[in-house]
Amino acid sequence: MDGVELEPLYKVKVKCHYCETEYDTSRVRPSLKRPYRTDSDFCAYYKRENPDFYVVRICPECGFASTENSTEQLNDKQRKDFKEQIGNRWVKRDYSGARTLEQAMDSYKLGLLCAQVIQEKDRVIAGLLQHIAWLYRYMEDHTQENRFLEFSLEAYVKVFEREGTGGNEAKLLYLLGELNRRVGRFHEAVKWFGRVIHDKRITDAAMIRASREQWALLREQMISGKMELPAEMIEADKEAAKRSPI
């Protein structure tokens, strides 16, 4: 058995939140979930199967698509809206096996549609939108990537406005800075990165370090683009100059 390579995928049973059918869905083995590269907005790259392709589970019977973070108990209105807008039109198909990039995109778009129809939590919708942007990045379709980065940014702003200071605030604040930077809203990006760097209540060392790195990158981008630096950056430069030895 030495040298036998494990299949990257294994199957688990999931119960549909809508019709309660039990169905198979694939996952990537935990030992293979190590990316060889990760972008500054957490988009990861893998040599073999990409675990992100399998985040959305799709019931083959009714077409209800969900993630591990989705609402499990649907109320009457959610059930009615799903049936009218998606369930009645569903043609049975199976997403339980290995997925191509195109099939992963189909699964995310169905997941997004289901989430919007049942008015899922903002955080779930934001995550789906961000993953769709990443899939377009893999495809090198930068127009659509930027479009969905904009959508995910809007959704994450709603998360921040509605949830406020959640348990993982530093990562959310950093992400709001990075998404603003990526879509070209540099002044907004500075504000969000600045909150992570300067708020004494934030103790997440990794996110503070990442925010400092992206702040520096942003400063270079603005200077090279001959853009006026925002007041926060000018003040930070002055403070740094005071602290540095002459």
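Let me start with a definition: a residue is buried when its relative accessible area is under 20%, exposed when that area is over 50%, and partly exposed in between, using a 1.4 Å probe and protein chains only. Take Arg37: with a relative accessible area of 42%, Arg37 is partly exposed.

Okay, some housekeeping. This is a predicted model, so local features need pLDDT of at least 70 and side-chain atom pairs count only at pLDDT 80 or more, while totals for chains, interfaces and linings use all residues. Residues are numbered from 1 along each chain as its sequence is written, and side-chain values use heavy atoms, with hydrogens and water left out.

Now the overall picture. The protein chain has 246 residues, and 46% of them count as buried. Its C-alpha atoms fill a box of roughly 70 × 55 × 35 Å along the principal axes. On secondary structure, we have 6 strands and 8 helices; these are DSSP runs numbered from the N terminus, H or I of at least four residues for helices and E of at least two for strands. Reading from the N terminus, the order is β-β-β-β-β-β-α-α-α-α-α-α-α-α. As for contacts, meaning heavy atoms within 4.5 Å, take the ones between residues at least 6 apart in sequence: 58% of those join residues at least 24 apart.

Next, the domains. Domain 1 covers 7–164 and domain 2 covers 166–234, with the bounds coming from an automatic or database domain assignment. Over C-alpha atoms, their centres are 28 Å apart.

How much area do domain 1 and domain 2 bury between them? About 1600 Å², with 68% of it on carbon and sulfur atoms. Buried area here is the accessible area, again with a 1.4 Å probe, that two parts lose on being put together, summed over both. On the domain 1 side, Phe42, Leu153 and Phe160 lose the most area to domain 2, together 38% of what that side buries.

We count 2 salt bridges between domain 1 and domain 2, where a salt bridge is a side-chain nitrogen of Lys or Arg within 4 Å of a carboxyl oxygen of Asp or Glu. We also get 4 residue pairs in polar contact between the domains, both residues at pLDDT 80 or more. A polar contact is a pair of N or O atoms within 3.5 Å; within protein, one must be able to donate a hydrogen and the other to accept it, and residues adjacent in sequence count only if both atoms are side-chain atoms.

Okay, salt bridges in general: the count comes to 18. Have a look at the network linking Arg37, Asp39, Asp41, Arg137, Glu145, Glu178, Arg181 and Arg182. In there, Asp39 and Arg37 meet at 3.1 Å, N to O, and Asp39 is buried at 14% relative accessibility. Asp41 and Arg182 form another bridge, at 3.7 Å, N to O.

Glu178 also shows up elsewhere: its side chain makes a polar contact of 2.9 Å with that of Gln214. Gln214 sits in helix 7 (residues 205–224) and is buried at 9% relative accessibility. Leaving aside neighbours within four places in sequence, Gln214 is in contact with Ser40, Tyr174, Glu178, Arg181 and Phe193.

Two more bridges before I move on. Glu120 pairs with Lys121, closest N and O atoms 3.4 Å apart; Glu120 is buried at 6%, whereas Lys121 is partly exposed at 42%. Asp199 and Arg201 meet at 2.9 Å, N to O, and Arg201 is exposed at 68% relative accessibility.

Last stop, Met105, in helix 2 (residues 101–117). Buried or exposed, at 6% relative accessibility? Met105 counts as buried. Met105 and His131 are 26 residues apart in sequence, with 9.0 Å between their C-alpha atoms.
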